[in-house]
Amino acid sequence: MTLPSLYLDHAATTPLLPAAREAMLEGFAIWANPSSPHAAGRAARSALEEARARINASLAWGGEVVFTSGASEALALAIGSCVQPLAAVSAVEHEAVLRHAGDARRLAVDSSGLVSAADCALPGLVAVQQANSETGVLQPLNAIATAVHEAGGFLLADCAQGVGKLVVPDADLIALSAHKFGGPIGVGALLVRDWAMLRATGGQERGYRGGTENLPGVLAMALALEAERSWLDRAVSLRDRLDEGVVAAGGEVVAGATARVPSIGAYRMPGRSARAQLIGFDAQGIAVSAGSACSSGSLRTSHVLAAMGMEPVAAGEVIRVSIGRETDAAAIDRFLAAWREMKGPQ
Amino acid sequence: MIYLDNQATTPLAPEAREAMLPWLAGPDSSGFANPHSPHRPGRLAAAAVEIAREKVAALLPSGGQVVFTSGATEALNLAILGSGRKRLAVSAIEHAAVLETAGFADPECAILPVDRDGLVDAEVALPEGLGLLAVMQVNNEIGTVQPVERLTDRARAAGALFLCDAVQGAGKLAAPEGADLIAVSAHKLYGPKGIGALWIRDGLDLAPIVHGGGQEGGLRSGTLSPALCAGFGAAAELALQRMAPDASHIEALWQAALPLLPGFTLNGSAGQRWRGNLNLRRNGLDVARLMSELRDIAFSAGSACASGSGKPSHVLRAIGLSDKEARSSIRLGFGRYTRMTEVVEACTRIAAAAEAQ
């Protein structure tokens with residue numbers, strides 16, 4: 001007998017919300033180019049602008065919204081077009097920031113995964129994420145924003161794992177990705193406090209991003225942001241259940257004492273490599289991950305865990321479990337049973 | 001509404017829409033997974049991406065790889081900026097995505113003129129030390145088909161790369177075989193918006209412009225959408241199957257339209273042209289008034305991207321039209337789903353409204 005598959009990899013991507021799917025299908029019918037001046041084009045334009053206003057409202061964001069193909073592009077746009085050069089990035093940023101970072105300063109994190117706000121008091125562009133994609137650790141972004149602003153800098157916050165779950169931080173540039181909160185893959189946005197922070201490069205989106213807009217994707221993203229969020233309360237207790245279950249069975253919770261986004265937990269199974277764990281869980285139809293999806297194919301040692309001072313062997317035994325809207329206690333219990341069986345007697 | 005703006009974007013083919021649906025799934029199915037995840041649902045999504053990639057590749061020459069992007073603009077940026085070439089030449093009638101990017105990469109970028117017919121001279125002088133030559137396959141505003149075959153030979157002889165913006169030609173004409181880099185967009189060939197591709201000749205190394213998770217062989221980071229890929233793949237497959245019937249349908253529409261538009265003059269060559277593009281001018285025509293009088297007919301006053309700006313078209317100026325002539329020009333764009341009755345009705349009403357001005 002095979003059990004139905006259990007998806008616990010919501011940090012990689014989330015199921016598309018039915019309402020977002022409906023919005024996307026309706027969007028496929030509004031297929032004219034929003035830049036066309038005829039009536040059909042203007043209808044597409046007004047649908048796009050209406051969605052933009054709804055996204056502003058959902059996020060309580062008073063600044064500008066530039067639609068992109070996702071968070072990677074939004075981060076590349078922010079770093080590439082910001083009028084201030086990139087001064088520093090946290091050591092635990094996603095590769096989408098780190099690979100653009102060149103010789104910008106690396107801001108260390110402590111063993112609980114936190115950046116020191118005082119270290120961020122730098123002029124220039126400072127990039128610190130909201131929630132870490134591997135551990136869920138939440139950075140003290142409001143304190144960091146104050147430090148950056150007092151030093152005359154701008155704060156770029158990668159909020160890919162936080163948007164839809166947490167309040168948008170007091171940052172100047174914010175990257176987000178729809179498919180991390182129930183929207184479709186292939187659309188995201190860069191939030192910009194003030195156009196003066198970016199250099200225009202021509203094209204659509206007021207000259208800040210060229211390319212015909214993905215209207216169906218934008219409509220679905222707007223809907224996904226408006227979805228009710230009561231599942232997050234449940235997620236807190238489900239993640240507690242996970243943490244307790246793993247610890248009781250002889251495992252470790254990464255940054256268990258640190259404030260974390262409730263959807264993500266990172267767990268070490270001593271003596272069993274993450275690769276072996278993933279294969280074992282996959283064979284049982286349980287989808288989890290080692291680190292972020294993009295790097296997990298390679299199963300390299302996580303730069304996030306290394307930055308927190310974890311030894312390579314221990315770091316190589318950590319997997320990520322990420323829960324979502326449809327996850328229930330039975331799912332957590334099924335995962336924990338599989339975890340205990342794989343771990344063996346203590 | 002009669003839609004005659006198929007250069008700006010095309011309706012989504014029902015087949016492409018259908019192909020996307022399994023990958024727009026909720027939690028009751030695994031069709032939402034991240035194709036870069038190594039678990040089973042991730043691998044299934046990755047397989048869908050690879051099947052789509054093969055279908056898109058079938059529209060393009062052999063001996064290269066297809067890298068998915070968010071659209072042609074990103075593909076052209078990746079080609080130009082990623083090539084690292086410093087000495088550039090582009091035709092005067094390229095899309096802004098090429099002109100602006102080439103001007104950014106090489107402020108001294110050579111602009112190759114076109115003749116009154118809207119064609120680049122295949123024997124045009126190329127600058128010394130040329131690194132990259134970009135000439136589009138089919139112009140988006142006037143539909144002229146450029147002599148890319150000869151130009152690819154000349155670029156190669158000069159030691160330069162040849163980049164072809166094939167957005168308007170892909171799925172309609174044979175691929176520009178000799179090119180090194182080819183940019184295409186799904187929503188111009190009845191696929192979804194938000195996806196395009198850059199075809200890269202084997203052996204050519206580009207530097208990425210969007211870094212991150214290292215998807216697409218490190219060339220283009222960002223989670224790929226299996227839905228958009230599958231929609232693009234289905235649209236490409238359909239375009240390949242329907243290339244001949246689509247072309248004859250377009251030819252019939254063109255033949256029917258021209259006699260219905262007396263007093264209009266064609267902009268650009270009639271012969272070297274994709275005939276789904278009827279760009280016309282008429283002395284003294286007030287295009288804004290025409291558009292407001294014919295609100296249920298969707299046509300363009302130039303390229304969609306420039307038409308919001310109120311600037312006269314750089315393409316119409318490049319073929320030697322005065323600003324006044326350019327401003328009295330319209331573009332009617334036919335596609336696979338344009339019906340003969342729609343073309344007859346639209347052209348009859350456009351002619352009557354123009355005559356009455």
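# A tour of chains A and B

The model is predicted, and local features need pLDDT of at least 70, side-chain atom pairs count only at pLDDT 80 or more, and totals for chains, interfaces and linings use all residues. Residues are numbered from 1 along each chain as its sequence is written, while chains are lettered from A and ligands numbered from 1 in the order in which they are written.

**Stop 1: the two domains of chain A**

Where the two meet, 26 residues of domain 1 of chain A and 26 residues of domain 2 of chain A take part in the contact. Two residues are in contact if their C-beta atoms, placed from the backbone, lie within 7 Å.

On the domain 1 side, select strand S10 (264-268), H10 and helix H11 (303-307) of chain A, the elements that give two or more residues to the side touching domain 2 of chain A. Helices (H or I, at least four residues) and strands (E, at least two) are DSSP runs, numbered from the N terminus. S10(A) has the largest share of that side, three residues. By residue class, the side of domain 1 of chain A that touches domain 2 of chain A holds 13 nonpolar, 10 polar and three charged residues. Ala, Val, Leu, Ile, Met, Phe, Trp, Tyr, Cys and Pro count as nonpolar, Asp, Glu, Lys and Arg as charged, and the others, Gly among them, as polar.

**Stop 2: A:Glu205**

Stay in chain A and select helix H6 (residues 204-207), where A:Glu205 lies. A:Glu205 is not a glycine, yet has a positive phi of about 55 degrees. Most residues other than glycine have a negative phi. A:Glu205 counts as buried because 21 C-beta neighbours lie inside 10 Å. The term buried requires 20 or more other C-beta atoms within 10 Å of the residue's own, exposed means 12 or fewer, and partly exposed is in between, with C-beta atoms placed from the backbone.

**Stop 3: where the chains meet**

Show both chains. Here 57 residues of chain A are in contact with 56 residues of chain B. On chain A, select helices H1 (18-29), H2 (39-59), H3 (71-81), H4 (95-98), H7 (215-226), H9 (274-283) and H10 (293-296); each supplies at least two residues of the side that touches chain B. That side of chain A divides into 24 nonpolar, 26 polar and seven charged residues.

**Stop 4: the two domains of chain B**

In chain B, domain 1 covers 2-8 + 243-356 and domain 2 covers 14-241. The C-alpha centres of these two domains of chain B lie 26 Å apart. Their contact takes 23 residues from domain 1 of chain B and 23 residues from domain 2 of chain B. Helix H7 (243-257), S10 and helix H10 (314-318) of chain B each supply at least two residues of the domain 1 side. Of these, H7(B) gives the most to that side, with three residues.

**Stop 5: a sheet of three strands**

Now select S9, S10 and S12 of chain B, which form an open sheet in the order S9-S10-S12 with antiparallel pairing. Two strands pair if DSSP finds at least two bridges between them. Strand S9 (265-266) and strand S12 (329-333) of chain B are at the edges, each with a single partner strand, so one side of each is left without a neighbour in the sheet. Strand S10 (residues 277-281) of chain B pairs with S12(B) over five bridges. For one bridge, show B:Leu280 and its partner in S12(B), B:Ile330.

**Stop 6: S8(B) and its partners**

Six bridges join strand S2 (residues 64-69) of chain B to S8(B), and the two run antiparallel. Across this pairing, B:Thr69 stands opposite B:Gly196. S7(B) also pairs with S8(B) in the antiparallel sense, over five bridges, and there B:Ile182 stands opposite B:Trp199. S8(B) is largely enclosed by the rest of the structure, because five of its six residues are buried.

In the loop between strand S7 (181-185) and strand S8 (196-201) of chain B, select B:Tyr190. B:Tyr190 has a positive phi of about 70 degrees although it is not a glycine. B:Tyr190 is buried, with 29 other C-beta atoms within 10 Å.

**Stop 7: helix H4 of chain B**

Finish at helix H4 (residues 96-105) of chain B, whose buried residues are B:Ala97, B:Val98, B:Leu99, B:Glu100, B:Thr101 and B:Ala102. The elements covering these buried residues include helix H3 (72-83), strand S3 (88-91), strand S5 (132-134) and strand S6 (161-165) of chain B.

Note on methods. Domain bounds come from an automatic or database domain assignment.
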